[in-house]
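These are my notebook entries on one structure.

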Amino acid sequence: MVQRTKVFVGNIVHCNKPFTVQTLEKGFVVVNEKGKIIAVDNLSALDSCKDKLGSFEEILLNDNQLLMPGFVDTHFHAPQYPNAGLGYDKPLLDWLQTYTYPLEKKYSDTEFAKTVYDAVVKRTLAAGSTTVSYFATLHLDSSLLLAEAAIKFGQRAFIGKVNMTELAPPDYVESPEDTISNTLEFIHKLVAKKCHLVQPIVTPRFALSLDLNDLNKLGQIANKFDLNIQSHISENKAEVEMVRDKFDDLLYAEVYDKTSLLTNKTVLAHAIYLTDSEIELLAERSTSVSHCPDSNTCLKSGLCDVKKLLKAGVNVGLGTDISGGYSTSIMNAMRSAVAVSTHVSFEREDYDPLNVYDVFYLATMGGAKALALNHKIGNFEIGKEFDAIVGEVQECFHPHTALELLQKFIYTGDDRNVLQVYVCGKRVK
Ligand code: GUN
Ligand code: FE
């Protein structure tokens, strides 16, 4: 269905440069019928702009409302949603075996998968996540159902059929042959759906799930079809040690680099225990990190020094990491990222922790860049696709600037404060 041209008028905030929030107090954004941004300006230019438009729909924001880019969740395990908030009594490797793999195994049941995946997409859209990078499970059919849920509800998404051939229960691993052939079939079937918003992403679970040969085959597949890649890295000390033992003293990042998995379209979750040389390697390859502060706390994985990654030139986005994390909301991830960075600063001299504007950048442009979508979404540059949220701060007792509204929205808001959500110009909440 062709959309009407839309003109949004009100307070606008977005990051026009790295870590810089631009505000247009009483500004406007024009979105054409294809969902692309064709004008952004101050109110004084509105009348002359309207004169040049044909018919359009005007969306007027009130003084307590804010138009901002949609949030990007760079790391979400959709099948783990039924476990959100459960089982934080065990560290990563025990948690995977005790709670996670037994739940993921259930997605051989496509009815169950459809029920959960529909709920996940609706919930994340309601929370303002216009783009999500999802891990599904090993199952080909139910992974396609996750893609169908995103298509049906209008979310921009990457969908990963997970690859895992070892270190899991015998009835929840694939053979090396199947993991490759099923991945190829998954990619072809998803691409055949011809939905430009929903794309496959190559998803080796982590270095302990596959051998070098299979990791390498997945690197080749990503390269051949020019696909994004997602995985985990250096989340937990025991995990890092096992990787060193398994791969003859290669560093964790070297395992991925050796198998062509470190690209500028790769996003790696956690990255808590990277050495300086690994951080340098990620920066060199333009590989991004998904920072998942809630998960890192719940599973007692550790404190990620995001400022150090950024200083070294590594791009960072935010991830909820359901169900390592408990919250489906990137607003919650923003608050937790500030909290964790502040806690890191208590132990350091001259350490400037992430602030509320920094995490707004990570949640929008940082995430867009992590998924190699920074030329398409992430802010309100003319020519980009319009993925956006209308947020509202309830109970304002005196007037606030747009920047104050943004602070209050991030710190005190939840999905009840996310009034409207748009993906590629289409209203999805
Ligand atoms: N490492 C490998 N698999 C997982 C997972 O499902 N969640 C988290 N947090 N870490 C992992
Ligand atoms: Fe994860």
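Entry 1, the exposed side of a helix. I began with helix α9, where D276, S277 and E284 are exposed on one side. The model is predicted, and I therefore noted its confidence: the chain averages a pLDDT of 97, and 100% of the residues score at least 70.

I then asked which residues of α9, residues 276-285, are buried. They are E278, I279 and L282. Why do they lie on the same side of α9? They cover an arc of only 100° around the axis, and this places them on the same side of the helix. I recalled the general rule that an α-helix has 3.6 residues a turn, so residues three or four places apart point the same way.

I looked up what the buried residues of α9 pack against, and found α8 (252-258) and α11 (306-311). After α9 comes S286, which has a positive phi, near 55°.

I found the chain divided into domain 1 (5-69 + 380-427) and domain 2 (71-370). The C-alpha centres of domain 1 and domain 2 are 30 Å apart. To their contact, domain 1 gives 20 residues and domain 2 gives 21 residues.

The largest share, four residues, comes from α14. By class, I recorded 13 nonpolar, three polar and four charged residues on this side of domain 1.

Technical notes: Residues numbered from 1 in each chain as written. Chains lettered and ligands numbered in written order. Predicted model: local features only at pLDDT ≥ 70, side-chain atom pairs only at ≥ 80, totals over all residues. Buried ≥ 20, exposed ≤ 12 C-beta atoms within 10 Å, placed from the backbone. Helix = DSSP H or I, 4+ residues; strand = E, 2+ residues; numbered from the N terminus. Arc of directions from axis to C-beta. Contact = placed C-beta atoms within 7 Å. pLDDT = per-residue confidence, 0-100. Domains from an automatic or database assignment. Nonpolar A, V, L, I, M, F, W, Y, C, P; charged D, E, K, R; others polar.
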